[in-house]
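This report describes selected local features of one protein chain. Please consult the sequence and the structure shown below while reading.

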Amino acid sequence: MASFLLKDVRVFDGENIIDNGCVLVENGKITKVSSSSIDYSGTTFSKSGHTVLPGLIDVHIHADKGNEVALPQSLRFGVTTVCDMHNEWHNIEKLRKQMEGGDCADLKTTSFAATIDQGWPIPVVTAHDKSEETMAEIATWPKLVTPEDAKKYVADRVAEGVDYIKLMHESGTVMGAQFNKPSVELQKAIVDQAHKEGLMVVAHATCLADTLVVLEAGVDGLTHCLIDQPPNEKLIAAYKKNDAHCNPTLSAMGSGTTEGQKMQEKFAHDARVKHLIGDQDRQQMCMCMAFAKHTGASFQHAFETVRQLKANGVPILCGSDAAGPAVGTAYGLSVHLELALFVNECGFTPAEALRSATSLPAQRFKFADRGRIQEGLRADLMLVEGNPLENIDHTLDLRGVWSEGRLSSAYKNNF
């Protein structure tokens, strides 16, 4: 693994700022961080006018069908860790095989989410894709019914070595539809069993009623935020009772209502990212899922929910919901859009937004070896020109990305 010294750089360590400092990496680990010079005789890079940050963590993607673009493209955009939130186990194995070749973001997983027969996301997947391959994959998904099913489901995930458990609780409200959804008893049984195994539980919900139900079941976090109506005191109290976090996936919600399209297009066509994303993925980011366009759902409800949750001390985590079928999103790039929305629409300072994608998700998901620029942790680093702590737009002025001290090939000509 590579060893090098970055000096004369601004350092955001995930919590604090060093205006002019140094970071020493040895054998893929951060071994020293200092506001003064570090004595080192090896490879040294002086990057005045640049900022080094922890590699970003996207707490919500779907690398569907083992999407070979997901991990390398995420890395090119400074996202060194991604959390897959529902995937077939053979696809997880395929992705891990891809990681052996390097140049990929690290992968965390729940494997199969806790799905039920004809529940989310089966109706939306089959509405657009009834191919033999897709139907065969859906046939392998859990079809949970009873508390005993819940115990076996969790046991199977523990055997796979998953990092967390994901619930699905989608009534179809924001889509003007009615979908099968799990019983409260089933959800509580999964949460209780997962907690006994030391696993955190997060849940999909997109409307107020569904969100309140899964919070009552005891989940530790939500993987979306509601868009059907404004937040209320009951919602805030439910989050606080659980000490739950929210990953609002604003990018995906804006694609769902179509209100985010202009900003999606702006990011997709930013001249700074042309070499980091393929034409097909760029075109996909300019489209909209539009699943909530005609139901009265609003992007503004999402913004207001995030504002109120943040004001009441609820942790907000950065995650994109990027996926192959999720038009309006792009692996890696959508994280930068998410950060911009936090700052420009939800009242975050740039430092607060950057914490939401570095130290805070590492803390919530108990990823103890990353999320900070700190001695002993993985050398997952992102170097940008300029100061994103003053202007969040500078996160796209990417000049270097390292995973465990290995430089992404997209930046080999910069060093």
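In which helix is Leu71 found? Leu71 belongs to helix H1, which covers residues 70-76. The model under discussion is a predicted one.

**Buried residues and their surroundings**

Leu71 has a relative accessibility of 0% and therefore counts as buried, the limit being under 20%. Apart from neighbours within four places in sequence, the residues in contact with Leu71 are Val82, Leu95, Gln98, Met99, Cys104, Ala105 and Leu107. His224 is 153 residues from Leu71 in sequence, and the C-alpha atoms of the two are 22 Å apart in space.

Ile373 is located in the loop that runs between helix H15 (359-364) and strand E14 (381-385). Is Ile373 buried or exposed? Its relative accessible area is 3%, so Ile373 is buried. When neighbours within four places in sequence are left aside, Ile373 is in contact with Val11, Phe12, Asp13, Val23, Ile30, Val33, Val52, Leu53, Pro54 and Leu381.

With a relative accessible area of 1%, His169 is buried. Its side chain is joined to that of Gln187 by a polar contact of 3.0 Å. Gln187 is also one of the residues in contact with His169 beyond four places in sequence; the others are Lys181, Pro182, His204, Ala205, Asp210, Val213 and Val214.

**Packing of helices H5 and H6**

Helix H5 (residues 147-160) packs against helix H6 (residues 184-196) at an angle of about 35°, and the two axes are 8 Å apart. The crossing of H5 past H6 is right-handed. From H5, the residues taking part are Pro147, Ala150, Lys151, Tyr153 and Val154; from H6, they are Leu186, Ala189, Ile190, Gln193 and Ala194. Sorted by class, this contact contains eight nonpolar residues, one polar residue and one charged residue.

**Aromatic pairs**

How many aromatic pairs does a search of the whole structure find? The search finds nine. Two of these pairs are set out in the table.

| Pair | Centre to centre | Angle between planes | Arrangement |
|---|---|---|---|
| Phe4 and Phe45 | 5.9 Å | 55° | tilted |
| Trp402 and Phe415 | 5.1 Å | 65° | edge-to-face |

Phe4 is part of strand E1 (residues 4-12) and Phe45 is part of strand E4 (residues 44-46), so their pairing ties together parts that are 41 residues apart in sequence. Phe4 and Phe45 are both buried.

The pair of Trp402 and Phe415 also links distant parts of the chain, at 13 residues apart. Trp402 lies in strand E15 (residues 398-403), whereas Phe415 lies in the segment after strand E16 (406-407). Why does Trp402 count as buried? Trp402 counts as buried because its relative accessibility is 2%, whereas Phe415, with a relative accessible area of 28%, is partly exposed. Together, Phe4, Phe45, Trp402 and Phe415 form one aromatic cluster.

Technical notes: Residues numbered from 1 in each chain as written. Predicted model: local features only at pLDDT ≥ 70, side-chain atom pairs only at ≥ 80, totals over all residues. Heavy atoms only, no water. Axes fitted to C-alpha atoms, helices over the stretch in contact; angles between N-to-C directions. Helix = DSSP H or I, 4+ residues; strand = E, 2+ residues; numbered from the N terminus. Left-handed = near helix turned anticlockwise from the far one by under 90°. Contact = heavy atoms within 4.5 Å. Nonpolar A, V, L, I, M, F, W, Y, C, P; charged D, E, K, R; others polar. Buried < 20%, exposed > 50% of the residue type's maximum accessible area, 1.4 Å probe, protein only. Polar contact = N/O pair within 3.5 Å; in protein donor to acceptor, adjacent residues only side chain to side chain. Phe/Tyr/Trp six-rings, centres within 6.5 Å; stacked < 30°, edge-to-face > 60°.
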